[in-house]
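User: I am new to this structure and would like to learn how to read its features. Please show it to me before we start.

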Amino acid sequence: MISVIRPITYALLMVFSLSALGDGASSQATHEFTLDNGLKVIVREDHRAPVVVSQLWYRVGSSFETSGRTGLSHLLEHMMFKGSARLGPGEASRILRELGAEENAFTSDDYTAYYQVLARDRLAVALELEADRMASLRLPTEEFVRELEVVKEERRLRTDDRPNVLAFERFKTLAYPASGYRNPTIGWMHDLDRMQVEDVQDWYQRWYAPNNATLVIVGDVTVDEVRTLTQRYFAPIPRRATPEARRPLELAEPGERRLTLEVRTQLPSLLMAFNTPSLTSTENTRAVHALRLLSALLDGGYSARLATRLERGEELVASANAGYDADTRGDSLFILTATPNVQKQRTLEEVEAGIWRELEALKTTPPSPEELARVRAQVIAELVYERDSITQQASVIGQLESIGLSWRLMDEELAAISAVTPEDIQQAARTYFTRSRLTTAHVLPLEKAAHDQ
Amino acid sequence: MTSKNFLLTSLFCALWGIGISGSVLAESQTPPALESLRNLNAEAPTRRALNIQRWQTAEGARVLFVEAHELPMFDLRLTFAAGSSRDGTLPGLALMTNALLNEGVADKDATAIAQTFEGLGAQFSNGAYRDMALVSLRSLSATEQREPALALFQQVVSQPSFPADALERIRNQLLAGLEQQKQNPAKLASLELFSRLYGQHPYSIPTEGTFESLPRIDEAQVRQFHQQGYAAGNLVIALVGDLQRSEAEQIAAQLSAVLPKGPALPALPEPQAPVAGRYQVEYPSQQTHVLMAQLGIRRTDPDYAALYLGNQILGGGGFGTRLMEEVREKRGLTYGIYSRFSPMDAPGPFSISVQTRAEQTEGTLALIQKLVQDYLAEGPTQEELDRNQREITGSFPLSTASNADIAGQISNIGFYNLPSSFLEDFTRQIQQLTVQQVKEAMQRHLSPEQFVIVTAGPKVAQQPLPEPSADAPKAEPLGVPEH
């Protein structure tokens, strides 16, 4: 139901190791094992409160979908609440609710995940229910027909009636010319219109196997308890062959692309994206870490460059943001967005030029040690704050595992990121902030006349 | 507040109905009980132990403190009774004052302030709502981070310099925000609703200000608002984390001593009963946003527990509520429908919100009105009551799982002058409620004829609703244990 949009600082969370934080903040005990059927289980102990989160991550999402069948992963996620061999539609949710559990699910382009947060003594119920729907989803046609209408309402609510979201959906089709990352996770309306229950059945059969999933459990549990429970509920589910999942790769330098969109918005805005690799799609991970630092230098807080120079200094923008997601299954984008300060009569062209000035500055002048020290201080603190939330801890682990990396990368990355020099950052800016990798969109308000059609 | 809303939203996003269709019924036997449920211990779950320590500073700030040494960090959350209900004739004044706190102090501009916090790994945040203005700090607890972060935080809250250029910039950003609201039918509906519901009462004031009011706000007015609204006597301090009692006392005392001197602001007036009616906001969207509301309760109302439970059953609990079942699960009319009491300092609204394809608006609205009317007339069933009582007991441990959760809970307890045992009292009261008590409480506060209804969307020809799917059997085959 939720397309995961991570905060821009997210990429930094994994940058430094917990072990760097000293005795007071040593990492919680984390265990890993794999059942005979291929289900990988990761358990992190956190005994502060008698609660636990269980997240089951399937390695399938909208980037796996083919033309004509977009929205399939998300629709399957909805149908996973509609009953299994042992339970009627909605019954699992009713049971969980009655136990006081918080449950949800989310679909992104790389994965689909289901979770429950509940009192520690109820974990077995969450696992039995999750195993049941992994093994025996029912998919009644009548439920499918109604649920499809719910998903279309969701699309109207979250995309069609939100002009800036709609614009970004169009923008992505241009920024990703070659890979499945261009697919909207909720699906095109014309694909939803012709979706069949057989499509969902087929998608479920193809991808929802124990050997294509990771179970992450964080909270007041021991690994032995979890071993016993997963052995009981998940081990009987047979391993199944799943198709080979190919990484969504892009053209390194597709050429400059420009788009003008008129939508029912009040204020114009600028979207820019550079095609870049991610941690999984290049050997040159040093460049990837440099891109992370570039994102932090531009937008890692109210003292970062975009807010300091463009928002407060020149008063060129009402707001400006930068973001880079290094933790994807395939190639990625470095994204910049901005809204001009219209009260000061600033135009999109001026904003675009202003952003380019900042990008060029990163190419010509290496960042100062003080600036990098601020970024590092935030990252180290974030790693402590993150541990206040069992859900956040589980999400970091689940995401890394789902894109084909190990959760242990958190620990190993410290050395890599520390090795990034100011010159590496400068080099990354020169390599990636080029016209041949760039997509730019001007999002403009519809003319007033068209407004009242 | 934010985390609570987030929780509700995420809950609301995922929850799904019971409605077993006729065809499924025909082929299914009674499902076998889940093994894990059979084995479940029938006792109520425990939660993280909370020892809420409470005191007042010399200047009258109320302090609530919970020690938590597991992580080397702490949260400091200040809640001032300085929300937009104190704006008077200048809508947006509370928000602008709050937003300007970290824009300048005597020796630092906004950039220097941000550089100092961020260089320490500290997180500063602020926000203004109807009842309250919040200012928060999250920091590592080691002395070398804690002390400079707290020193700057104190300065920012107590001696902001309100620089003229920052005031202009924030004003422009708020004006840009108002422009953005014009493309948001949900927001347009909400503005119309609060205006109709509260008339001349301060809750009708839009927190974000208006095109008319924002240009009128000047530095003198902001200073005056700060002097009164951010006075020590108008403040609740919540502290959670890796601190000793003596350290917490010192933090509260120092902070309180440098704030403007002054008492708590007077209580808000009582709102007049609104006139029921139907209002339309024309908007060229695909969906129509429907909001219906009437006056609800104060946070301290003795019926709080009964109404909380009554609303959970009607439409507060997401999955399995009457509204979600009938409107989404059986008919596929919407992505979500939700009802809520928003208990506030003065009586806050009871409201129902839903979005549906514009052609289905009238049918959906009539369906909801019928469901509410029936529920108010008949009250919940015993089975609904039992299920929801179990849910509230079971979710109790989640309410205080993290430091952030605890900070939110004790801030509310302090702000609304609730007893420290509030969470336990509330859970106990919920368990003792009967069907009759819930029904009577709902009837005391709500009437099916009293709704102010706002719809935001296009005028289009209406279609009849689809036939609903068959009812689910009422049996409870799985036997969730009592506790």
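User: Is A:Phe433 buried or exposed?

Analyst: A:Phe433 is buried, with a relative accessible area of 0%. Buried means under 20% relative accessible area, exposed over 50%, and partly exposed in between (1.4 Å probe, protein chains only). This is a predicted model: local features need pLDDT of at least 70, side-chain atom pairs count only at pLDDT 80 or more, and totals for chains, interfaces and linings use all residues. Residues are numbered from 1 along each chain as its sequence is written, chains are lettered from A and ligands numbered from 1 in the order in which they are written, and side-chain values use heavy atoms, with hydrogens and water left out.

User: How many aromatic pairs are there over all chains?

Analyst: A pair of aromatic rings is described by the distance of the centres and the angle of the planes. Rings of Phe, Tyr and Trp (its six-membered ring) pair if their centres lie within 6.5 Å; planes under 30 degrees apart count as stacked, over 60 as edge-to-face and the rest as tilted. The whole structure holds 30 such pairs over all chains. One of them, A:Phe81 with A:Tyr114, is tilted, at 6.3 Å centre to centre and 45 degrees between the planes. A:Phe81 and A:Tyr114 are 33 residues apart, and both are buried. A:Phe334 and A:Phe433 make an edge-to-face pair, 5.0 Å centre to centre with 70 degrees between the planes. A:Phe334 is also buried, with a relative accessible area of 0%.

User: Which residues do ring pairs link into a cluster?

Analyst: The cluster consists of A:Tyr58, A:Phe81, A:Tyr114, A:Tyr204 and A:Tyr208.

User: What area is buried between chain A and chain B?

Analyst: The size of an interface is often given as the accessible area lost when the parts come together. Buried area is the accessible area (1.4 Å probe) that two parts lose on being put together, summed over both. Between chain A and chain B that area is about 7,900 Å², with carbon and sulfur atoms giving 57%. A:Arg97, A:Glu98 and A:Tyr385 supply 11% of what chain A buries against chain B, more than any other three residues. Counting contacts (heavy atoms within 4.5 Å), 84 residues of chain A touch 100 residues of chain B.

User: How many salt bridges are there between chain A and chain B?

Analyst: There are 7, where a salt bridge is a side-chain nitrogen of Lys or Arg within 4 Å of a carboxyl oxygen of Asp or Glu. B:Glu329 and A:Lys82 form a salt bridge through their side chains, at 2.5 Å from N to O.

Technical notes. Helices (H or I, at least four residues) and strands (E, at least two) are DSSP runs, numbered from the N terminus.
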